[in-house]
Amino acid sequence: MPRFLRIVVPALVIVVWLGIASVGGPFFGKVSEVSTNDQTSFLPASADATKVQERSSEFREESGAPAIVVLERDGGLSSSDLTDATSLATTLSDRQDVEAVSPVIPSEDGDAVEIVATLTQGAETGDAVEAIRADVDDAIPSGAHGYVTGPAGFTADLTEAFAGIDGLLLGVALAAVFVILIIVYRSPLLPILVLGTATFALCASILVVWWLAKADIVTVNGQVQGILSILVIGAATDYALLYTARFREALRDHRTGWDATRAALRGSLEPILASGGTVIVGVLCLLLSDLNSNKALGPVAAIGIAFSLLAALTLLPALLLAFRRAAFWPLRPAHGSAHPVLTGPDARGVWARVGRLVARRSRVVWVVCTVGLLAMGAGLFGLEADGVPQSDLIIGSSQARDGQEVLADHFPGGSGSPAQVIAAERDLDQLVAAITAVGGVDGVVAAVKDSPAGTVPVTDDGDGGSTAGRGAAGASAEPTVSRGDVLLEATLSDPADSDAAEQTVRDLRTAVERVDHGAIVGGVTATAVDTNDTGIRDRTLIIPVVLVVILLILMLLLRSIVAPLVLIGSVIVSFAAALGVGALVFDHVFQFPGADPSVPLYSFVFLVALGVDYNIFLMTRVREEALQHGPREGVLRGLGVTGGVITSAGIVLAATFAALGVIPILFLVQIAFVVAFGVLLDTIVVRSLLVPALAYDLGRHAWWPSRLSRTSPDM
């Protein structure tokens with residue numbers, strides 16, 4: 001290549017990436033504009049809760065989520081308190097973001113009142129609830145307590161908890177990675193180049209994802225947004241570290257930066273592409289999910305990994321070419337300097353000692369490691385990953401959770417969040433009788449589209465029939481009928497997000513289906529039931545698919561059958577150990593109420609894909625060395641060369657995922673622990689001891705049926 005192109009091409013690459021970052025950077029703070037935390041929107045179209053939500057506008061005016069205001073005073077509310085509550089209801093009804101306000105509903109014990117303020121369709125839930133809470137604070141009399149809870153209150157608290165993703169999460173992750181890179185490289189400039197590469201990759205990812213979400217091509221919520229940031233920073237840094245290690249090696253053998261760049265790209269292109277491709281294929285398996293929140297992560301994460309690869313193979317080489325040896329100052333690699341001795345009695349350093357241990361006691365090493373990992377995995381038997389109540393999703397303070405507890409103390413626990421039943425109007429009498437006979441149901445009303453209240457009472461008359469539309473004043477109204485169906489709302493006795501309420505909904509579905517096979521049940525509790533059931537189904541389907549797909553990729557990459565089976569087996573054992581320890585920590589240390597079904601699924605996808613990453617880095621180098629020095633010597637040389645860089649990459653990735661723990665969302669905290677701990681296990685135990693010991697013990701047989709398996713053991 002002509003000399004002027006050797007200058008122009010890298011400069012052009014840097015300029016293009018600067019342009020991408022300058023355009024994509026401002027979109028960091030705009031992702032919330034295209035994200036949603038509405039749980040129902042993530043259910044498949046086939047779910048009953050989704051069908052009920054889609055048809056609800058046929059039976060009542062479209063509206064937003066209900067915000068339930070609860071006022072409480074120990075010892076009973078006074079007449080003055082009730083007057084203040086009535087004034088508050090009037091204030092709320094005057095708000096533009098509130099469509100309807102119920103009358104003040106006193107509790108039977110006289111200690112509390114309830115007001116249901118239904119938000120307008122399209123209202124920004126977080127802003128509306130914040131304003132309503134301000135009105136409540138201004139209106140409550142001295143000595144009383146006021147809360148805003150219900151679906152709108154929980155959504156607002158969840159949105160506030162996710163607010164730190166735009167700044168806090170990214171800042172913590174970048175700071176942690178920067179400190180680790182300073183310690184590893186002892187260079188002030190190289191960490192900046194590596195983190196710059198990762199940040200530019202994230203800018204490009206955010207830009208593309210924002211426009212795709214804007215066009216409704218992908219769905220983004222808080223958890224997808226947070227995982228994207230962490231995944232890109234961690235993966236881009238890993239790929240950058242691998243390339244940097246190759247470039248530093250090449251600078252010892254080549255005088256010019258251009259020749260060193262060519263050599264580094266030749267040596268790192270295959271493992272980096274293979275590793276990134278494995279992660280992309282792994283996360284795209286989430287497209288098989290029925291749960292849209294899982295399905296949404298697949299393409300978003302794939303976009304992030306793709307830009308991580310692109311940045312690590314274009315931007316970083318251009319930057320290192322521009323700085324050359326100065327990038328490693330003050331420990332600059334000199335041209336012609338000796339490479340470290342990797343094996344034999346003269347080898348020095350941690351990885352030389354590990355190599356000697358593997359060579360002397362390979363079978364003992366891999367057996368002990370396997371037994372230890374399996375022992376850690378015993379904690380899986382105590383893992384409860386079948387869902388948690390919505391009130392437990394937020395770690396720390398939550399006014400909605402506090403208000404829900406007060407509401408349950410004085411009213412039926414499901415007040416404001418009823419189960420909704422759509423069934424044939426011709427079976428109304430039998431439906432009402434079946435619903436009221438279900439334990440855990442406190443009352444039934446029917447939806448009326450043109451009624452100011454939106455519902456009309458429906459009760460079982462005790463003779464196999466029902467009375468509908470008889471209000472307190474004796475006025476009558478008929479339930480709205482659409483396509484021959486009516487919408488009934490059953491108030492549950494237990495809080496809408498409790499296990500008891502979920503069981504009531506399951507019993508309710510069984511009861512109404514006996515009357516009308518086409519009956520469907522939705523609402524807040526049904527949404528949680530359908531989400532958990534779908535999440536468990538996704539987990540059961542996707543985990544085996546990911547294993548098979550990654551196994552096939554490894555077979556193609558390593559030209560072997562035995563080695564990929566060893567690698568997949570080691571990653572499975574490592575995942576079981578990480579999740580088992582996580583289950584013990586969640587239960588006995590943090591005392592979490594359980595886990596979402598997606599926690600094992602996400603942990604598996606990330607740990608298998610990323611854990612295989614490190615094995616790919618190791619085994620591609622082992623294969624390269626084995627072709628020259630023989631299978632067993634190749635293991636020791638590959639371990640010695642990659643030990644430092646892979647350990648550094650693993651620590652960086654673990655620290656990056658651990659940063660998810662700063663967001664007070666139970667799901668993200670659990671993902672942070674399992675993935676961070678699992679990556680450390682992969683780095684320190686699996687890749688450093690288990691895999692090398694197994695590969696050494698198997699010798700040339702590890703590479704069957706490739707040409708390497710037919711060489712002599714000492715070749």
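Predicted model: local features only at pLDDT ≥ 70, side-chain atom pairs only at ≥ 80, totals over all residues.
**View A. Edge-to-face pair of Phe 27 and Trp 210**. The count of aromatic pairs comes to 14. In the pair shown here, the ring centres of Phe 27 and Trp 210 lie 4.9 Å apart with their planes at 70°, so the arrangement is edge-to-face. Because Phe 27 belongs to the loop between α1 (3–24) and α2 (48–55), whereas Trp 210 belongs to helix α7 (residues 190–214), the pair ties together parts that are 183 residues apart in sequence. Both Phe 27 and Trp 210 are buried.

**View B. Stacked pair of Phe 590 and Phe 592**. With ring centres 5.2 Å apart and planes at 15°, Phe 590 and Phe 592 form a stacked pair. Phe 590 is partly exposed, at 46% relative accessibility, while Phe 592, with a relative accessible area of 16%, is buried.

**View C. Arg 632 over the face of Tyr 696**. Arg 632 lies over the face of the Tyr 696 ring, at 5.5 Å from the ring centre.

**View D. Nonpolar cores**. The largest nonpolar core holds 163 residues, and those touching the most other members are Tyr 239, Phe 606, Met 619, Phe 657 and Ile 665. When residues up to four places away in sequence are not counted, Ile 665 touches Leu 158, Ala 161, Phe 162, Leu 393, Ile 394 and Ile 395. A second core, separate and made up of 31 residues, includes Val 432, Val 441, Leu 488 and Val 512.

Key
Residues numbered from 1 in each chain as written. Heavy atoms only, no water. Phe/Tyr/Trp six-rings, centres within 6.5 Å; stacked < 30°, edge-to-face > 60°. Helix = DSSP H or I, 4+ residues; strand = E, 2+ residues; numbered from the N terminus. Buried < 20%, exposed > 50% of the residue type's maximum accessible area, 1.4 Å probe, protein only. Lys NZ or Arg CZ within 6 Å of the ring centre and 35° of its normal. Core = buried A, V, L, I, M, F, W, Y, C linked by side-chain atoms within 4.5 Å. Contact = heavy atoms within 4.5 Å.
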